[in-house]
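Please view the sequence and the model before turning to the points below.

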Amino acid sequence: MLSLAVAGVLAACGGDEPAAAAAGTEAAKPAFTLDESKLPAYNAFHASDLDPSIDACTDFAGHVNGKWLAANEIPGDRSSWGAFTILDERSVTAQRQLAEQAAAMTNASGVEKIVGDFWATGMDEAAINAAGITPIKADLDAIAALTDGKSVAAWLRSSAAQGFNPLFGFGAEADFTDSANNIAYASQGGLGLPDTTYYTDAAKKDKLDAYRAHVARVLELSGVAAADAAAQADKVVAFETRLAKASKSSVELSRDVSLFYNPVTLAEADTLTPNFSWSEFFASQGVAAPAKFSLAIPSFHQEVSAALGDTDIATWQAYLRFHTIDSASPYLSSDFVTANYEFYGKTLNGQKEQTPRWKKVLGTIESGAGEAMGQIYVQVAFPAESKAKMEALIGNLSTALKARIENLAWMSAETKQKALAKLATFTPKIGYPDKWRDLSGLATSREGYLANVRAANAFNYQFNLSKIGKPVDRTEWAMTPQTVNAYYNPLANEIVFPAAILQPPFFDPNADDALNYGGIGAVIGHEMTHGFDDQGSRFGATGNFENWWTDADAKGFASLTGKLVNQFNLYTVGDQHVNGHLTLGENIADLGGLATAYDAYKLATAGKDVAAIDGMSGDQRFFANWATVWRTKYTPENAKVRLATDPHAPAQFRASGAPSNLPAFAAAFQCKPGSAMSRQGDDHIVIW
């Protein structure tokens, strides 16, 4: 994620040996093996990657990655390709071996049975094709029987209780003002396109038209006559456009975390949405009436309530019918799978080929039973020495960030004291959870793929709801060990690094300090800095949403971050500018994280004779590996989606943007003042 994680519902350190599985641990666990010779090679930095024809002081991303980008194509089943996705390819290839072993076990139990059942049913394409649309026929019949807004509201309650709610998000998360305890959050939703702007921006009309055609195709595949399917598609798009106009965009949501928190009583919520009773909804989900819950983006929920009163039943049926089919399409027969790929993969993101079935099935396991696979994965893919070295890295990064905060010229002593208190309470999590989630209640079988998917959806939803009104479990993770990513959670004030990212080019226990600090060290610093970015800085040391800034310091911070917005606004991809507001939080984290990692690298190597390697100094290798981490190609279509919705800047600007503000970079590569990679005067930005 490398991003500020607020709450999964609003969009979601182990010992030296893997913890035992919570399900099926009464007997000795089966031994899994991993043939590493069959895994893709690492994409680690090599000095031979450098392109001497591109000046490091003019285009550092091109200098480090240009040759690699020119020599490598995006695989047909991907819409981007680079350091993250190559490691992901390695992770899923390893998971395939493990899933095949689990599926072949006789009398399997616990997590082995869960993984094996998902794999066996997901890979049985013949059985899935033979079933056609039968697995969701009862759902479509129920939608056809709806008569009015009241029956639609009842359907939404019933469907949500089974883990499927096409209209809005609902679940537990820590209370913004009492982060030790969970409350319920309801969020906006209901859109089939990536962002509200796809419905309102004339420049994206081609994608809206393509979406309309996709809706019609899916409905037609389900048995609706072509003319009727086209008419229903018009209704669906018009209805979603109405919802989009009452919703917040990706930019608005990413830059104002307070939008997620709107505490109300049930009575207040019922008054706000008279055609949708939240009292009835909570009761139907088996959740006790709360003193309060967060009804985020109230304008959206008011529009839904209005639509329940004024929208004809045919429109509601078309909308619910389409989203029921579309959400199930990846698990239905091949014609539905193909339709899903051709719009979401090919049209929206420029993916040239369908993702192979085996990867799709592993993705389904990840989303439905990721910790089951995680318990198997860490048995074979996370060496104990990696954890120890990560702890040392985190210690040095913490020391370096503490010193940077203490020496800030723009911050008062009063605010510094509170910033240091927050840093002191950071909780790092490395590799995999100390305590695995109990999955014994998840009943899977070899009877049907969609049946297993829906069993997992319902199980996970009910597990999430069970947290409402209870203390937050600080041992839980929001990512699985096999995820190539990392995150910061402001409500828990924790930084988390799954096992799968602790590999080259990010981390190599056998590499020199320069590469590790320029890779995973900068990622650690990035996640730490998220606690002090424009949104993370709105949470205090305990994880509560609170203002710990003096007015003067808050104004000074805003002035500095405004400069970073301007820096990234000037970057372009084709004829489109990067959105410096959308990407601000990540850019703050990159800048602070890289600066902190460099200081930590100097701490780690103090008093040591750091010899040049392949003609490169330690400092040069540090920055070169930072750029290698952001070695990424995008399809043109995927690049456009990211520019509109992704809070991360395009990778090439992450490779160059932060180091251009660090004097240490200019010194390492002897850049002249005022060159692209040596920003001076008001253009030189230091925040943390």
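The model is predicted: local features require pLDDT of at least 70, side-chain atom pairs count only at pLDDT 80 or more, and totals for chains, interfaces and linings use all residues. Residues are numbered from 1 along each chain as its sequence is written, and side-chain values use heavy atoms, with hydrogens and water left out.

**Domains**
- An automatic or database domain assignment gives domain 1 (79-132 + 350-381 + 438-472), domain 2 (151-331) and domain 3 (382-437 + 476-683).
- The C-alpha centres of domain 1 and domain 3 are 31 Å apart.

**Interface of domain 1 and domain 3**
- In domain 1, 28 residues are in contact (heavy atoms within 4.5 Å) with 31 residues of domain 3.
- The buried area, which is the accessible area (1.4 Å probe) that two parts lose on being put together, summed over both, is about 2,500 Å², and carbon and sulfur atoms give 56% of it.
- Phe84, Leu87 and Glu371 lose the most area on the domain 1 side, together 27% of what that side buries.
- One salt bridge (a side-chain nitrogen of Lys or Arg within 4 Å of a carboxyl oxygen of Asp or Glu) is found across this interface.

- Beyond its neighbours within four places in sequence, Ile520 is in contact with Met390, Leu393, Ile501, Leu502, Phe506 and Phe507.
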